[in-house]
Amino acid sequence: MKSLVVANWKMNPSRRKKAQQLFSAIEKGCKNIPRIEVVVCPPFVHLSSLGNTAKRVKLGSQNCSWQNKGPLTGEVSPKMLKDMGCKYVILGHSERKKYLSETKEQIAKKVKAAIQTGLRVLLCVENAQELSFLQKKTRLSQKNLIFVYEPSFAISTEQGRKPSPKTIAREVRAMKDIVGERAQVLYGGSVNAKSVGKIMREGKVQGVLVGASSLDAKKFLDIVKRSQA
Ligand code: PGA
């Protein structure tokens, strides 16, 4: 299974030109790192301009609607994302739950719609307990579903403590007990070039989801390189 390094740009950059520059620096830098699948998830508005240039780097979205059509003001359907060149979509991110009141029921519906449309879902969960709930709701097989253990307290903009690789490994174990041994599980929360190697090795994850450190091409490429070890 190829390790995955995913950039979650959140609501950045403010300008299209900056997004294109950042994306092309990542694209260029990744050419010599063949063994890792690299995914960049920009805001919706940058998808169309980056979709044309994405080659080595795969494109993902940070959210999608639970429907492929219908009168849903402000929403973007999984079908539209596929048409823009997206291969992946992040769902269930804790910031959407916390600030936009996204519910587990909505997340479950989004997961189903995205998978039925052929997108690969990066499903973020707070812990194994939340995963268990979502698994019961969606009853989906592992195909096209990648799980991300991302406790909200570990995100770089939060002040809380960060889990040790040992704690990550324990939670990953509990998650695999629910979804099966062959599932791909990533970790997210304040990952940087210094911590990624240890997190992947000792945390027993097959990839990482990176927020703040993905907004600087050099920092992000360092993470990609070190995740190979
Ligand atoms: P962080 O964000 O790397 O800045 O902690 C990760 C995320 O929110 O996905």
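Which residue forms a salt bridge with K97, and how far apart are the closest N and O atoms? In this predicted model, the partner is E130, and the closest N and O atoms of the pair are 3.0 Å apart. E130 belongs to helix α6 and K97 to helix α4, which covers residues 94-100, so the contact ties together parts that lie 33 residues apart in sequence. E130 has a relative accessibility of 7%, and because the limit for a buried residue is under 20%, E130 counts as buried.

The protein contains nine helices and eight strands. Its C-alpha trace spans about 40 × 40 × 35 Å along the principal axes. Of the 229 residues, 51% count as buried.

Back to the charged side chains, then. The whole structure holds eight salt bridges, and the pairing of E130 with K97 is one of them. Salt bridges with shared partners join R96, E102 and K110 into one network. A further salt bridge links E181 to R173, with the closest N and O atoms 2.8 Å apart. Here R173 is partly exposed, at a relative accessible area of 36%.

K112, K136, K137 and R139 form a positive surface patch. Among them, K137 sits in helix α6, which runs over residues 128-138. K137 is partly exposed, with a relative accessible area of 39%.

Most residues other than glycine have a negative phi, and most peptide bonds are trans. Against that background, the peptide bond from N12 to P13 is cis, with omega near -15°. P13 is placed in the loop that connects β1 (3-8) to α1 (16-30). Positive phi values turn up at S190, where phi is near 60°, and at K204, where phi is also near 60°; neither residue is a glycine. S190 lies in the loop between β7 and α8 and is partly exposed, with 25% relative accessibility. K204 is found in the loop between α8 and β8 (207-210), and at 54% relative accessibility K204 counts as exposed.

The loop that holds S190 also contains V191, between β7 (185-188) and α8 (196-202). Is V191 buried or exposed? With a relative accessibility of 4%, V191 counts as buried. The C-alpha atom of V191 is separated by 7.3 Å from that of S213, a residue 22 positions away along the chain.

How values were computed:
Residues numbered from 1 in each chain as written. Predicted model: local features only at pLDDT ≥ 70, side-chain atom pairs only at ≥ 80, totals over all residues. Heavy atoms only, no water. Patch = residues over 30% accessible without salt bridge, like charges linked within 9 Å, V, L, I, M, F, W, Y side chains within 5 Å. Areas by Shrake-Rupley, 256 points an atom, 1.4 Å probe, with all protein chains shown as cover. Salt bridge = Lys/Arg side-chain N within 4 Å of Asp/Glu carboxyl O. Lys, Arg positive; Asp, Glu negative; His and termini not counted. Charge placed at Lys NZ, Arg CZ, Asp CG, Glu CD. Helix = DSSP H or I, 4+ residues; strand = E, 2+ residues; numbered from the N terminus. Buried < 20%, exposed > 50% of the residue type's maximum accessible area, 1.4 Å probe, protein only.
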